[in-house]
Amino acid sequence: MPAYNEAENIEDTIKQWYSVIEKLSMRDISVKMVIANDGSNDNTYAIMEELMETYPLLAPIDKKNSGHGSTILYLYRYAIENRADYIFQTDSDGQTNPEEFWQMWDNREKYDFQIGNRVGRQDGRSRVFVARILRIVVWLIFHKWVTDANTPFRLMRSSKLQPILDVIPQDFFLCNVVISAIAVKWHYRIGWHKISFKPRQGGVNSINMNRIFGIGWKALGDFWKIDHNLKRHA
């Protein structure tokens, strides 16, 4: 999980998701809950440090602020460097449901990537609109229809994620979008699972609509460059 100014959410999020970590650990699976504090201005990281005694499989990381996408990429590379076989990513704002993780875990042998398809979203019409626009942009650039490209709820084989990371710039903001698009383009075995998506449980979202449109405009050029590189190295 990436975390930025999540002091209001982080403890409840850890409590909710730690039940998943414990169940996996009880099955003799080596597992860690890794949360990267992306240079928060509040006490998000201090709260995580205090919780480490209660939750021994919690592994908080403190890093300089680099943005949401860069932090996710940092975490993916961290997991691969630490020899993770599978990587599960979600956000730290309490919008996802831990119980819905198990439909992915139980099907991990069947798929290379499993990605949540957010149905009945409760995070506002503007966010739904942006997701639809992203789907169209991905189709225009990559010529692939991706069900829900930017979902922060995904289980991936590290061995399949690694080659995708090799073609993505380190500071790419919409990294999950392009990861999803490339996975579809490369014909990975992808499972889509319907998931719920709650309103943000506390705090303020750091991404407003003006910034979203700015990011989206920049993404058009970035997506084109990545697709061009894929064709060149095909």
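Modeller: Leaving aside residues up to four places away in sequence, Ser40 touches Ala3, Tyr4 and Asn5. The model is predicted, and the values here are computed from it. Ser40 sits in the loop that runs between strand E2 (33-38) and helix H2 (44-51). Its relative accessibility is 15%, so Ser40 counts as buried, the cut-off being under 20%. The side chain of Ser40 also makes a polar contact of 2.5 Å with the side chain of Asn37.

Arg157 is part of strand E6, which covers residues 153-157. Because its relative accessibility is 17%, Arg157 is classed as buried. A polar atom of the Arg157 side chain lies 3.5 Å from the backbone oxygen of Glu109. Glu109 is also one of the residues that Arg157 touches, not counting those up to four places away in sequence; the others are Asp85, Tyr86, Arg108, Tyr111, Asp112, Phe113 and Arg189.

Burial can also be followed along a whole helix. In helix H7 (residues 175-185), 10 of the 11 residues are buried, so the helix is largely enclosed by the rest of the structure. The buried residues of H7 are Cys175, Asn176, Val177, Val178, Ile179, Ser180, Ala181, Ile182, Ala183 and Val184. After H7 comes His187, which has a positive phi, near 60 degrees.

Note on methods. Residues are numbered from 1 along each chain as its sequence is written. This is a predicted model: local features need pLDDT of at least 70, side-chain atom pairs count only at pLDDT 80 or more; totals for chains, interfaces and linings use all residues. Side-chain values use heavy atoms; hydrogens and water are left out. Helices (H or I, at least four residues) and strands (E, at least two) are DSSP runs, numbered from the N terminus. Buried means under 20% relative accessible area, exposed over 50%, partly exposed in between (1.4 Å probe, protein chains only). A polar contact is a pair of N or O atoms within 3.5 Å; within protein, one must be able to donate a hydrogen and the other to accept it, and residues adjacent in sequence count only if both atoms are side-chain atoms. Contact means heavy atoms within 4.5 Å.
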